[in-house]
Amino acid sequence: MNNPNDWFEEDENFNLALSQRTEELYRVPNMEPSADGIIEALVLPLRDMVVFPRMVSPIFVGRESSILALQEAQTRNQTVIGLTQSDADIEEPGLKDFLPIGVEMAVGRLLSMPDGSSSALVQGRRRVQILEFLRVKPFIKVRARVIVEPTTADRQTQALMRSVLDLFEGVVQLDRSIPEEAHLFAMNIAEPGWLADMISTSLSFTLQQKQNLLITPDPRARLVAVNKALAEETDVLELEDEIHSRVQNEVDKSQREFYLREQMKQIQNELGEGDVFTREAGDLKSRLEKAALPDEARKVAMKELERLNQMPPMAPEVGIIRTYLDWILDLPWATMTEDNLDVKNASRILDRDHYGLKKPKDRILEYIAVRSLKPKKERQPILCFVGPPGTGKTSLGRSIAEALGRKFVRVSLGGVRDEAEIRGHRRTYIGALPGRILQTMKRAGTANPLFMLDEIDKLYSDFRGDPASALLEVLDPEQNNSFSDHYLELPFDLSKVMFVTTANYLGPIPPALLDRLEVIEFSGYIEEEKLAISEKYLIPRQFEENGIDTLGVNFETQSLQKIIREYTFEAGVRNLEREIGRSCRKIARTKAEGKKYPETITPDLIEKFLGPPQFFLTQAERKDEVGVGAGLAWTENGGEIMFVEVAVLEGKGGVQITGQVGDVMQESAQAGLSYLKSRAAALNIPNEVFDRVDIHLHLPEGGIPKDGPSAGITMSTALISAFTGRPIFKDVAMTGEITLRGRVLPIGGLREKVLAAHRAGIKTVIIPERNVKDLVDIPKQVQKDLKIMPVNHMDQVLEIALSKEVSVEPLRPKGKKDDNEDEQN
């Protein structure tokens, strides 16, 4: 035990006893040193403590040798030398286990303690340096030299003492365990060594720090060490005080809030309003009793409500439970709208809002007809509208909801990467919410809305999960009657929801998800359809939006055709409506400026309003060329014309294919070249020519990736044209896969490709014979405008696409052998 502040205890009885015991210490005289400052004294070994000169401290004595030494000293009324062990764990210290400097000290009378040890009060007198151990048994006796310290201070030492006192004052103010009297006591000390020893005793230094200060005989050096320790202690105490103040402020704030809430509670009780928390809990219970919840949901909700009632109002989990109960109560578990099963009314609404789209309209009318015959049918169709942008997929969903009399809700899935977006987060997370499915159902307010999942092909998967897989349960009629959200953790019935998904392309949709969807394709519009849509829907809407619906303005048919052909190039009508809107805004500005505006928009005005044409009919620029063929390609935005160019150059039989061509298309080019070589004799091409030329096959627009086998017959035709010199007709386009034997195999996306050919002004389209079945999807007007030629072999393709006449002499490089023969002739 070594409490550095025991000598400042404020208890009066203790102070009286302490005063009496201290007077006993003062009556013990110091050892008289010899002429050279040597004294001989008994030793009191100390461990776990350091006694400084002039300081009074209690000690506990347990060793028998130490008790004998103290008794001997008290008998002779002599002081002892306190020697501190360098290692406190040593039970029987040897001569080398003590510090080289000790403290001469007076010892008061011994008091017996309940644990069998003895206690005494000691007072340090002066430092001594141990010179020699005179005796070890039965107690230790040493010869030592008294260390004389200066009692006055020079200017530098005085400045150092002031610095130490200032720091000590700050420590006393910050450390609640040090009484204020300690600073007053220190201010009255004039000796530098005494000041350092007093402060060292007052502070909670480590044993190692105190030992270092004890064996430092120079007072200035001790003051420097104490000054540094005080500075460090000040930093720690300031940080501790800041933390304590912050904690205390929080506690005070919480207590103040609690007090105010209790006051508010009593005031509300006096006014008859009741406690807010209790009132809200009562409202929740009332809502739960009235809500039409399934048994399992009601059981979970009542259990959570009981937990809420047992919690204090300020508990962190209160808000989480209340939010959870609100979600359970706000979801439409049994609220439904009545379906309008009038087939004629539905047909009228669908035709009113959309032109064409026969397939999706027929499917919806079939569903309504089946429901009218079997109203209790639970299974709902899960449709997937697939087609280029701007073809009316999303807007048709709204019309279907209106025709059925259902609420329409929509969720865009474009760019969704996290599974939790679909299924929600678990309630263990702060700020957790249900997924988009249940959020949208809450917004719908009914259990049977028309739910549109837009852009389902734009889902992505990464380390956060696969949202497409999370949709498997939502879009499976066998499973979605008990859909489980991570947040709600209750089965929610989605079987009454009519799901409609949209996509531009089926490729990215996982097979397992695609298998659950009934795919309905939306093809691009032909020019006649775009004209009808413009006149019936787009122009009236843009007239109204731009405020010119009352001005009597009208578009000439030729003007619309000019916009369609020269300012847009798309499968849908989105850009077409945009360009019509631009024209309308020009008229609105003219009217607003008070100028005369045109009532009829002619083709010349279109170019004035919209600027130079952005697109040109492909055929207008072309002529019959050797080695250049027109192919047909399918893209996400509809069909496109894709040209294939072949150049034959003198070389060594190399083949180069450029234009960012994929592996499948490169293989098709190799197959076409092999077919050409196999038919070289029939086409009057010498076999040795292939070893003397290089072939460069290029597909323009190299920035766009291209792949697929459907350009096989186009590349083969272009190769044959380049080697024979026979041009390919400019008004012929073709599509089909080729085999090594020249057979033409079927391809996909025929409708989009044929419509692209029609848009580009092509007159003849060559298709595989096995694709004739797909012509049923081609508008009759397109079939009437085009000459569609089914083929099953390359011979038929060459007969249709190649001119009989040779317009360019084909390249026939001669080898060395041929040159020698010419010289001999």
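Colleague: What makes strand 8 (residues 382-386) a mostly covered strand?

Modeller: In this predicted model, 5 of the 5 residues of strand 8 are buried, where buried means under 20% relative accessible area, exposed over 50% and partly exposed in between (1.4 Å probe, protein chains only). Residues are numbered from 1 along each chain as its sequence is written, and side-chain values use heavy atoms, with hydrogens and water left out. Local features need pLDDT of at least 70 and side-chain atom pairs count only at pLDDT 80 or more, while totals for chains, interfaces and linings use all residues.

Colleague: Which residues of strand 8 lie on each side?

Modeller: Ile382, Cys384 and Val386 are buried on one side, and Leu383 and Phe385 are buried on the other, leaving both faces covered. In a regular strand the side chains alternate between the two faces of the sheet.

Colleague: Which strands are joined to strand 8 by bridges?

Modeller: Strand 13 (residues 498-503) runs parallel to strand 8 and is joined to it by 5 bridges, with isoleucine 382 partnered by phenylalanine 499. Strand 14 (residues 518-521), also parallel to strand 8, is joined by 4 bridges, and there phenylalanine 385 stands opposite isoleucine 520. Two strands pair if DSSP finds at least two bridges between them, so both counts qualify.

Colleague: How well does the span of helix 9 (residues 295-310) agree with what its 16 residues should give?

Modeller: At 1.5 Å a residue helix 9 should span 22 Å, and its end C-alpha atoms are 23 Å apart, which agrees. The buried residues of helix 9 are Ala297, Ala301, Glu304, Leu305 and Leu308. They cover an arc of only 105° around the axis, so they lie on the same side of helix 9. The face turned away from that buried side carries the exposed residues Asp295, Lys299, Lys303 and Gln310.

Colleague: Why is threonine 234 called buried?

Modeller: Its relative accessible area is 12%, which is why threonine 234 counts as buried. Threonine 234 is placed in helix 7 (residues 219-271), and its side chain reaches the backbone oxygen of leucine 230 at 2.7 Å. Not counting residues up to four places away in sequence, threonine 234 touches Leu167, Val171 and Leu174, a contact being heavy atoms within 4.5 Å.

Colleague: Where does the pLDDT stay under 50?

Modeller: pLDDT, the predictor's confidence in each residue from 0 to 100, averages 84 over the protein, with 93% of the residues scoring at least 70. It stays under 50 over residues 1-11, for which the model has 31 contacts beyond four places in sequence. Over residues 819-825 the pLDDT is also below 50, and that stretch has 2 contacts beyond near neighbours in sequence.

How values were computed:
The expected span of a helix is 1.5 Å times one less than its number of residues. The arc is that of the directions from the helix axis to the C-beta atoms. A polar contact is a pair of N or O atoms within 3.5 Å; within protein, one must be able to donate a hydrogen and the other to accept it, and residues adjacent in sequence count only if both atoms are side-chain atoms.
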